[in-house]
Amino acid sequence: MVMMVPAEPGPVHLVRTWHRAVGGAESNVAVHLTRLGIRSSWVSAVGDDSFGLAVLDAVGGHGVDVSKVRIDPTRPTGLYVKEASPNGSPVRYYRRGSAASGMGLEMIDRLGLGEVKLVHLSGITPALSDSCLAMMRELLRRPRHGFKISFDLNWRPALWADRDPRVLRELADMADVVLAGSDEAELVWGTGDAARLRKLLPGPSALVVKQGAEGATLLESGSSHFEPALKVEVVEPVGAGDAFAAGFLAATLAGEAPSVRLRAGHLQAAAALLTAEDVGDPLPDDVTDPLLHADPQTW
Ligand code: KDG
């Protein structure tokens, strides 16, 4: 989506100068993964309009392959307005009837499932329309040969107002890797406790429960690992979950140990927390590399 952020202080209805950026959970993850050296495609749909071009330019400009994105001449590119604030940023969506909401089963062919190692999905897509939900279900139900599916819950209550969010439980349970905030899990499953959630979500081989500024827990192969988060002065939190997912998934693809995978997530999230845009500047390697493998006392 195109994202508009006020470029001057004051109540939003009085703001006349806006900063136009680009955001979207899955494209954010693709950008972070690409920066981390993982060849990534973003598969979605934009309108045949200037905002669509802006999205393709921005996401493609980071090196993400956008060649599989559908340009839909009949629907507009989605838009959202974000008011940056350290305590959670109110967002307003203008995406009903958007090109992305028009996606359906036919999009699955664009994924090149025979060639990929990982398909990353989010709980936002099934909220967009019935056809998007059907696409997600089909993708998650199909037998997987040589690739895994990760699923970030990304609970967005504004998108579920007239839809039944319980379907998220069913979709998440069919993924291989699930990431969820404990606060989101509390709302969707009635518990944010990692061990209890695991009982309600037995399908995925890996479950990551993020406890905000405290840290994150990975439950996998019968064991549980916790890594504290880094302490940062939060500028704006939107996008930090996507950054975490990318760091965690990149380290997972690299076959790293649980503590390194969680730390890789925290390091990416820390960089995203320091910017009002969804995707901030990456922390330099000479900062991240020693931290990834640091002694637990000094992390
Ligand atoms: O995770 C960040 C996203 O929430 C943001 O980029 C917008 O994808 C978005 C959404 O639907 O909320």
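Visitor: Is strand 9 (residues 177-181) mostly covered or uncovered, and how many of its residues are buried?

Guide: This is a predicted model, in which local features need pLDDT of at least 70 and side-chain atom pairs count only at pLDDT 80 or more, while totals for chains, interfaces and linings use all residues. Residues are numbered from 1 along each chain as its sequence is written, and side-chain values use heavy atoms, with hydrogens and water left out.

Strand 9 is mostly covered, with five of its five residues buried. Buried means under 20% relative accessible area, exposed over 50%, and partly exposed in between (1.4 Å probe, protein chains only). Strands (E, at least two residues) and helices (H or I, at least four) are DSSP runs, numbered from the N terminus. Val177, Leu179 and Gly181 point one way from strand 9, whereas Val178 and Ala180 point the other way; all are buried.

Strand 9 pairs with strand 8 (residues 148-152) and with strand 10 (residues 206-210); pairing requires that DSSP find at least two bridges between two strands. Strand 8 runs parallel to strand 9 and is joined to it by three bridges; here Phe151 has Val178 as its bridge partner. Strand 10 also runs parallel to strand 9, with five bridges between them, and Ala180 is partnered there by Val209.
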